[in-house]
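Dear colleague,

I am handing over the structure that we discussed, and my notes on it follow below. Please read them with the model open beside you.

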Amino acid sequence: MMASKKYSYILLFNLLLALVIVAPVKAVEESNNKVDILGKLQNHSYLDFTPIGKLELPLLFKDQDGWHFFSSTTAAINSNQGYTDEHYLAHPNADKKIVNGVIKPIAYHLVREDGGHIDYNFSLSSHLAFFLLSGIVLGLIAFPLKSKYASGIGRTSEPKGTFQNMFETLILFVRDDLARPNIGEKKYLFFTPYLLTAFFMILFMNLFGLMPFGVSSTADVTITAALATMTFLVTQIFASKDHWMHIFWFPGVPTPIRLILLPVELVGLITKPFALAIRLFANMASGKVLVYSIIGLIFVFANLFGDAVAYGTSPIIIAFALFIFMIKVVVSFLQAYIFTMLSALFIGMAVAEHEHDHEHESH
Amino acid sequence: MEMAYLDAGLGAGITVIGAGVGIGMIGKSAMEGTARQPEASNDIRTSMLISAAFIEGVALFGEVICFLLATK
């Protein structure tokens, strides 16, 4: 009885809400504003602060005429140097969007008017901007902490203050739970700085993506590929002799099997960092798509069953989207943990020096 | 064109079945192991996460392929 009363209140509330907000939603539908979910994952040459505006980022690229630098996409289009927005190139007859006598881009993708290629693009894009921001935040946290530990606080005495205590928990977790068991007593301290950098960098990039107006750089496969390449390089550069022995000339088995194992091991060398990159990318990208898709259900319901159903279901859908968002916070930490742990595992497998008895047996 | 969407949807579903069965089996064994030997639960959890990460990696390859099919 109580439950049904409660539900009827919710229904009444939603109906009232529907009456209040019906007009603006109709306006949006008429202007045919489509939400581009996959566009939210792409790398743009602007930072999106939508209700306030867009902050265009500088461009630096090389094409057949040499190097070019523009302070923004708008500046590049209005420079009369043969550049235009991709939207205007694709729709030559469409009217251009002009604000205060300046042509504004629509797709924010700069192309040459003659269709030529931009060879090397070093522009500051949204993903790169947030990557650099994470790096700066990491530096702002790491250097004060370093000077604290260097002066003895936390080593000879107790760590002081919320700041140091908070990060010491994570740092000790990476050192004692990830580096030490996976790499081994002898060498783990040498690799802990790299693992800490990777852990905090990924964590900050993931968490910046959850902030308002934030862009999660880790939802870009190029950035995760760069991170995985770092792990690959660290693994291979510091690999022991046994590691290369196991790849090229597997000890302890007959020669024909060694020839079969050689390509398998070589492929395994590449798939490990590849899986690292794809795992991080797919987890962060899918979380983002999931939140937008669940919010998009409101509009799907509005189109299929009418506005009343959409308003009625919107509290449930928003609550569910909020739940997914909470899960994304957990996933941000979990993916940083998994990336760091697998990096430690791969490094540990590569640097391990085996007891040399099984090789003597084979000779 | 529409077939690509159908393929992507079916592929995503089938991939999830495989990954779900795999991770479920890991979870089952890990729970049994922890129940038998609670003192080894930390080691078991680490190995469980590593195995789950590998299965998840394979599943994500499939999902990424479906994603590419759907956005073609």
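Before the helices are compared, a word on how they are described: axes are lines fitted to C-alpha atoms, for helices over the stretch in contact, and angles run from 0 to 180 degrees between N-to-C directions. Helices (H or I, at least four residues) and strands (E, at least two) are DSSP runs, numbered from the N terminus. This is a predicted model, in which local features need pLDDT of at least 70 and side-chain atom pairs count only at pLDDT 80 or more, while totals for chains, interfaces and linings use all residues. Residues are numbered from 1 along each chain as its sequence is written, and chains are lettered from A and ligands numbered from 1 in the order in which they are written.

Helix packing

In chain A, the axes of helix 9 (residues 255-305) and helix 10 (residues 307-351) come within 9 Å of each other and cross at roughly 175°. That crossing makes helix 9 of chain A roughly antiparallel to helix 10 of chain A, given that angles under 35 degrees count as roughly parallel, over 145 as roughly antiparallel, 65 to 115 as roughly perpendicular and the rest as oblique. The contact of these two helices of chain A has 23 nonpolar, five polar and three charged residues, where Ala, Val, Leu, Ile, Met, Phe, Trp, Tyr, Cys and Pro count as nonpolar, Asp, Glu, Lys and Arg as charged, and the others, Gly among them, as polar.

The axis of helix 8 (residues 241-248) of chain A comes within 7 Å of that of helix 9 of chain A, and the two cross at roughly 125°; helix 8 and helix 9 of chain A are therefore oblique to each other. On the helix 8 side, His246(A), Ile247(A) and Phe248(A) meet Leu262(A), Glu265(A), Leu266(A) and Leu269(A) of helix 9 of chain A, and the residues of this contact divide into five nonpolar, one polar and one charged. Two residues are in contact here if their C-beta atoms, placed from the backbone, lie within 7 Å.

Chain A as a whole

Chain A has eleven helices and nine strands. Of its 363 residues, 25% count as buried; a residue is buried if 20 or more other C-beta atoms lie within 10 Å of its own, exposed if 12 or fewer, and partly exposed in between, with C-beta atoms placed from the backbone. Among contacts in chain A between residues at least 6 apart in sequence, 69% join residues at least 24 apart. The domain assignment, automatic or from a database, gives domain 1 (55-121) and domain 2 (126-362) of chain A, and the centres of these two domains of chain A, taken over C-alpha atoms, are separated by 36 Å.

Strands

Strand 1 (residues 46-49) and strand 2 (residues 53-56) of chain A run antiparallel and are joined by four bridges, two strands being paired if DSSP finds at least two bridges between them. They form a hairpin with three residues between them, and Asp48(A) stands opposite Lys54(A) in strand 2 of chain A.

Elsewhere in chain A, three strands form an open sheet in the order 4-3-9, with antiparallel pairing. Its edge strands are strand 4 (66-70) and strand 9 (118-121) of chain A, each of which pairs on one side only, and neighbouring strands of this sheet are turned by 30° against each other on average, direction ignored. Strand 3 (residues 59-63) of chain A pairs with strand 9 of chain A over three bridges, and the bridge partner of Asp63(A) in strand 9 of chain A is Ile118(A).

Individual residues

Ile347(A) lies in helix 10 of chain A and counts as buried, with 26 C-beta neighbours inside 10 Å. Leaving aside neighbours within four places in sequence, Ile347(A) is in contact with Ile183(A), Phe191(A), Val234(A) and Thr235(A).

Thr229(A), in helix 7 (residues 221-237) of chain A, is partly exposed, with 13 other C-beta atoms within 10 Å. Phe213(A), in the loop between helix 6 (188-210) and helix 7 of chain A, is exposed, with 12 other C-beta atoms within 10 Å; its phi is near 65°, a positive value in a residue other than glycine.

The contact between chains

The contact takes ten residues from chain B and eight residues from chain A. On the side of chain B that touches chain A, the residues divide into six nonpolar, two polar and two charged.
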